[in-house]
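Hi everyone, thanks for coming. I'd like to walk you through one model today, so let me put it on the screen before I start talking.

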Amino acid sequence: MKLYIKTFGCQMNMYDSARIRDTLAILGYTETDSPEEADIILLNTCHIREKASEKLFSEIGRLVKFKKEHTLMIVAGCVVQADGEELLKRAHAVDIAVGPQSYHKLPELITKYNRKKGRIAVTDFPAESKFDYLPPIQAIGASAFLAVQEGCDHFCSYCVVPYTRGCEYSRSATEIMDEARQLVKTGAKEIMLLGQNVNGWHGEGARDLGDIIRMIADIDGLERIRYTTSYPSEMTENIITAHRDVPKLMPYIHLPIQSGSNAVLKAMNRQYDRDGYLRISERFRAVRPDIAISSDFIVGFPGETDKDFEDTLDLVQRVGYASSFSFKFSARPGTPASIMKNQIREEVKTERLIRLQDLLLSQQKQFNVNTVGKELDILLIENGKEKGQISGYTPYLQNTHIAADESLLGQIVRVKIESATATSLGGRLVKA
Ligand code: 5AD
Ligand code: SF4
């Protein structure tokens, strides 16, 4: 039996899809990349912005033609959590809808499913943790995700995550260590620790994420550790100094600021101001001067004035980012910001986004150009676009292409960087 999975959205969704794949493997499903031959078509969805949510419906429309009599169409993820019943009403082809906290129930839901008795939406936050019911994790390549924390208690005024992923939950240090060992045993050289508020980790068996990083660094065979995504004012000294003390911890920090204006940050209900953020970024640079800093930005938040936007540009100049993600504000149903007065006109949002992205892209290019001439370690993970080319990532998370045989995939190699664009590097293998 065949399973076709399509994943939208963030890395947490990619992690969930991997766990769903392993769970359904027990029922005898193997993955296929052609929906025509699938017995289950599963869409793992994202609700963060309107565009992300709408993609689901066009994708259902595209995939429905591959649905045969016996094919099950399953929708998982945050769109379901936001409004699973509405989804079933709007998309008749969908058989089962399951939220992000309930996908461990899929084997039972699938086995017992009978369309005539009614289609199903499961959106409760069960008392049990899904992690206790999932089969042991398997790495599918040299770089693996490990969810250590889920949910968010921050309630930024624009964001649906606290509603779709629920309140903060941290897995215990023992559970994380077991899963990390299992990932390394099955081939992972790099582990990305995931959480919606990963540096707010507060589980049993360690003081904070800094301790978790130090613990998993002791696993033999593990070469690289990363974590994402962090909330600026919850950063601890122990995490920052891990960047000095733990060679396996990569010199890269994703630290979303969202806006450089104190008034906008306040309206967003972010619990720091621009000076506080600058101090935190300086603390990272003090322990690890070469660290790459990245961020998320929202432009056109309700009430954002030209001056507020200029403050964001100024903040970007001050920090100097290695890479970034920036978005137009999207009014999400049920969030306080969606009903704020002073919504910004679309043209203004577009114009601000273009200006911000111009600046961010030029910084990103400069960061990349600065690595030309250096020798860096690259973890090779995929085939490149051209034949005979493979690609991977520098410690600073720059995508790098080299001419080499694909037998090197999964290895860390020394590469002399020879060229740079805003989005990638080119280099050649340095002979050992
Ligand atoms: N509109 C635009 N961007 C948003 N993000 C979250 N919610 C919204 C929204 N309503 C962005 C933030 C966050 C990233 C994951 O998505 O920048 O950090
Ligand atoms: Fe959303 Fe804010 Fe929580 Fe991030 S910190 S997930 S933006 S509510």
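Predicted model: local features only at pLDDT ≥ 70, side-chain atom pairs only at ≥ 80, totals over all residues.

Residues are numbered from 1 along each chain as its sequence is written, chains are lettered from A and ligands numbered from 1 in the order in which they are written, and side-chain values use heavy atoms, with hydrogens and water left out.

Let's begin with ligand 1. Which residues are around ligand 1? They are Ile-48, Arg-49, Tyr-158, Gln-258, Asp-296, Ile-298, Phe-327, Lys-328, Phe-329, Ser-330 and Arg-332, where being near means that a heavy atom of the residue lies within 4 Å. By class, that shell has five nonpolar, two polar and four charged residues. For the classes, Ala, Val, Leu, Ile, Met, Phe, Trp, Tyr, Cys and Pro count as nonpolar, Asp, Glu, Lys and Arg as charged, and the others, Gly among them, as polar. Strand E13 (292–299) and strand E14 (323–328) each supply at least two residues of this shell; helices (H or I, at least four residues) and strands (E, at least two) are DSSP runs, numbered from the N terminus.

Now the polar atoms. Gln-258 has a polar side-chain atom 2.6 Å from an oxygen atom of ligand 1. For Asp-296, a polar side-chain atom is also 2.6 Å from an oxygen atom of the ligand. With Arg-49, an N or O atom of the side chain is 2.8 Å from a ligand 1 oxygen. On its own, ligand 1 has 400 Å² of accessible area, and the protein covers 86% of that; the areas come from the Shrake-Rupley method with a 1.4 Å probe, and for residues only the protein chains shown count as cover.

Stay with Gln-258 for a moment. Its place is in the loop between strand E12 (252–254) and H9, and its phi is positive, about 75 degrees, although it is not a glycine. Is Gln-258 buried or exposed? Gln-258 is buried, with a relative accessible area of 8%. Buried here means under 20% relative accessible area, exposed over 50%, and partly exposed in between (1.4 Å probe, protein chains only).

On to ligand 2. Its surroundings are Cys-152, His-154, Phe-155, Cys-156, Tyr-158, Cys-159, Val-161, Pro-162, Tyr-231 and Arg-270. This shell divides into eight nonpolar residues, one polar and one charged. If you noticed Tyr-158, well spotted: it is listed around ligand 1 and around ligand 2.

That brings us to the aromatic rings. How many aromatic pairs does a search of the whole structure find? It finds eight. Rings of Phe, Tyr and Trp (its six-membered ring) pair if their centres lie within 6.5 Å, and planes under 30 degrees apart count as stacked, over 60 as edge-to-face and the rest as tilted. Tyr-231 and Tyr-272 make an edge-to-face pair, 5.8 Å centre to centre with 75 degrees between the planes. Tyr-231 lies in the loop between E11 and helix H8 (237–245) and Tyr-272 in the loop between helix H9 (262–267) and helix H10 (274–287), so the pair ties together parts that are 41 residues apart in sequence. Tyr-272 also pairs with Tyr-277, this time tilted, at 6.3 Å and 40 degrees. Relative accessible area is 4% for Tyr-231, 9% for Tyr-272 and 0% for Tyr-277. And Tyr-158 turns up again, in one aromatic cluster with Phe-301 and Phe-329.

Arg-226 sits in strand E11 (residues 224–228) and is buried at 5% relative accessible area. A polar atom of the Arg-226 side chain is 3.2 Å from the backbone oxygen of Pro-395. Further along, a cis peptide bond joins Thr-228 and Thr-229, with omega about 10 degrees. Finally, Asn-342 has a positive phi near 60 degrees without being a glycine; Asn-342 is in the loop between E14 and helix H12 (346–369) and is exposed, at 57% relative accessibility.

Methods: Polar contact = N/O pair within 3.5 Å; in protein donor to acceptor, adjacent residues only side chain to side chain.
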